[in-house]
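Subject: Structure handover

Hello,

Here is the model we talked about. Please look through it first; my notes follow below.

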Amino acid sequence: MSEPREPRAPQGQAGAPQGRPDEKAALRLGTRRSKLAMAQSGLVAQAVSQVTGRPVEFVEITTYGDTSREHLAQIGGTGVFVTALREALLLGEVDFAVHSLKDLPTGQPDELALAAVPLREDPRDVLVARDGLRFEELPDGARVGTGSPRRMAQLNAYARNHGMTIETVAIRGNVDTRIGYVRSGELDAVVLAAAGLGRLGRIEDVTDFLSVDTVLPAPGQGALAIECAADNADLVAALGELDDPFTRAAVTAERSLLAALEAGCSAPVGALADLLADGQIVKEMRLRGVVGTTDGTTLVQLSTTGPVPETHDQAMALGRELAAEMLAKGAAGLMGERAH
């Protein structure tokens, strides 16, 4: 994949003949304004232009999650980066929108189609630490920044199980702001998503890739979602060419688990579905899930393996099955006020 770069919005098409629809008119892509959102949208825009033969122009939209100074755990997380983009779609102000899939609420509005889930990037979390330190090398009492209760729960549990002492610190802000806390010495390390740093061309900042055996990522992490109006059949079909069936099956199972646990995307839930291959032949899908208290004292972590889902309903069933097992092990009590 080419190096991600922050795109500039191309100018709208000038001089289109009046009086007849212009099939080459620019498609309007709704995106958040952050560097990461723009980089992600830039990658999608290139692909959409290739499959449609139409230019793409960016419509920058500010969401509540971008302007609120509160921590995501306080404002609920679910949908705070998505609602304004979806409203623009429903009002016809944009033709399609690009989201980080982990930001999408698990319920899909009937009026909107999740037209494509492109091939997933690296789903892992990564550490950016001072002095090039790996997680196991952090000094006692190290201050580790993250805005995610899911990361806090698993980092604290790992530290406790390996005789480490760390302090997790709740932070907000874009990638530059978060890494800045390390550069300034305010924090010893921060935890971010590998995919985001990769799309920004900043993977060299990573000092440690955290194994999914240590920290399970957020459901859908590393994947993008391309959404458009459900009644625009031509656009749904065109965008559908960017869909990766294995990625869609995996994130559908992960998000089904999240929904069945009745947890928002700010809850301390991690999930990852991956494909198990026998040689070159993919045989099964394994789904792993975790939920825990943010101090790491209690984790419920389970997995299930089954045939690779061939339909949406099969992927949903895989997630619900694991969620039921986790709830039976006490998962509901670990999600605070979000559990019913």
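Among contacts in the chain between residues at least 6 apart in sequence, 72% join residues at least 24 apart. Contact here means heavy atoms within 4.5 Å. This is a predicted model: local features need pLDDT of at least 70, side-chain atom pairs count only at pLDDT 80 or more, and totals for chains, interfaces and linings use all residues. Numbering starts from 1 along each chain as its sequence is written, and side-chain values use heavy atoms, with hydrogens and water left out.

Overall figures. The chain has 10 helices and 13 strands. These are DSSP runs numbered from the N terminus: helices are H or I with at least four residues, strands are E with at least two. Of the 340 residues, 51% count as buried. Buried means under 20% relative accessible area, exposed means over 50%, and partly exposed is in between (1.4 Å probe, protein chains only). The accessible surface comes to about 15600 Å². Carbon and sulfur atoms hold 48% of that surface. The areas come from the Shrake-Rupley method with a 1.4 Å probe; for residues, only the protein chains shown count as cover.

The helix pair. How do α9 and α10 cross? The axes of α9 (residues 245–260) and α10 (residues 312–328) come within 7 Å and cross at roughly 40°. Axes are lines fitted to C-alpha atoms, for helices over the stretch in contact, and angles run from 0 to 180 degrees between N-to-C directions. That makes α9 oblique to α10. Angles under 35 degrees count as roughly parallel, over 145 as roughly antiparallel, 65 to 115 as roughly perpendicular, and the rest as oblique. The crossing of α9 and α10 is right-handed, meaning that the near helix is turned clockwise from the far one by less than a right angle. From α9, the contact uses A249, T252, A253, S256, L257 and A260. From α10, the residues include H312, A315, M316, L318, G319, L322 and M326. The contact residues divide into 11 nonpolar, 4 polar and 1 charged. Ala, Val, Leu, Ile, Met, Phe, Trp, Tyr, Cys and Pro count as nonpolar; Asp, Glu, Lys and Arg as charged; the others, Gly among them, as polar.

Buried positions. L287 sits in strand β12 (residues 281–292). L287 is buried, at 0% relative accessible area. Beyond four places in sequence, L287 touches residues including A253, E254, L318, G319 and L322. Its C-alpha is 9.2 Å from that of L257, 30 residues apart in sequence.

Q40 is in helix α1 (residues 35–52) and is buried at 4% relative accessibility. Leaving aside neighbours within four places, Q40 contacts S100, R199 and L224.

A157 belongs to helix α5 (residues 149–161). A157 is buried at 5%. Outside four places in sequence, A157 touches G296 and L299. A157 and L299 are 142 residues apart in sequence, and 7.7 Å C-alpha to C-alpha.

Loop positions. Is D131 buried or exposed? D131 counts as exposed, at 65% relative accessibility. D131 lies in the loop between β5 (125–129) and β6 (142–146). D131 has a positive phi of about 60° although it is not a glycine.

N232 is in the loop between β10 (224–229) and α8 (233–240). N232 is partly exposed, at 30%.

Best wishes
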